[in-house]
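Here is a short tour of a protein model, written for someone meeting it for the first time. Take a look at the picture, then read on topic by topic.

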Amino acid sequence: MNTERYHLAQVNTATLRAPLNSPELAEFVAQIESVNAIADADPGFVWRLRSEGANDATSIRAFDDERILITLTVWKSLEALSNYVYRGAHANIMRDRRRWFEKTEQPILALWWVPAGHAPTVAEAKERLEHLRLYGSTAIAFSFSKPFPQPEIETMTLCSTASTS
């Protein structure tokens, strides 16, 4: 199967412990540009949400709680995203995240497959995250710990053809 038919979308959220412009978050804010540049240069990276006129999404408020940041990206594969998240500069942020973000018991990250070339919307990302929170990992939205494979084009075509007969 051609792996370029689908890409992996991911959304994650983080609830700030303090305002972005506070001294408590200065170290985190100082890393945003370089960490995004590393993602942009990664061969597995496809796309990321940015605020209008900005190089990041830190000014986007997708939730009622103004402290929640959203990250929305698309990657060529689960492996590419995993390598980025858990190795290199981003891994440092992952290790230090409790200093900057509140801990939550519900999922803050959701993954799903999108057709190559599709840039997911914030509304779509919120729906996928909510689906994961309600139903756990499914083909609609899943986690790193319980991933789902890319959809099978042939299977999808056969199923949709059979249902219209």
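Helices (H or I, at least four residues) and strands (E, at least two) are DSSP runs, numbered from the N terminus. This is a predicted model, in which local features need pLDDT of at least 70 and side-chain atom pairs count only at pLDDT 80 or more, while totals for chains, interfaces and linings use all residues. Residues are numbered from 1 along each chain as its sequence is written, and side-chain values use heavy atoms, leaving out hydrogens and water.

- Four strands form an open sheet in the order 2-3-1-4, with antiparallel pairing (two strands pair if DSSP finds at least two bridges between them).
- Strand 2 (45-48) and strand 4 (109-115) are the edge strands, each pairing on one side only.
- From one strand to the next, the twist averages 25° (axes are lines fitted to C-alpha atoms, for helices over the stretch in contact, and angles run from 0 to 180 degrees between N-to-C directions).
- Strand 1 and strand 3 run antiparallel and are joined by eight bridges.
- Leu-8 has Trp-75, in strand 3, as its bridge partner.
- Helix 4 packs on the sheet and touches strand 1, strand 3 and strand 4 (contact means heavy atoms within 4.5 Å).
- The direction of helix 4 makes about 125° with that of strand 4.

**The largest pocket**
- A pocket is an open set of points on a 1 Å grid over the protein atoms alone, where a 1.4 Å probe fits, with protein on both sides within 12 Å along at least five of seven lines; lining residues have an atom within 4 Å of a point.
- The largest pocket is lined by 47 residues, and those nearest its centre include Asn-12 and Thr-71.
- Strand 3 gives the most to this lining, with seven residues.
- Among the other elements that each supply at least two lining residues are strand 1 (6-15) and helix 1 (26-41).
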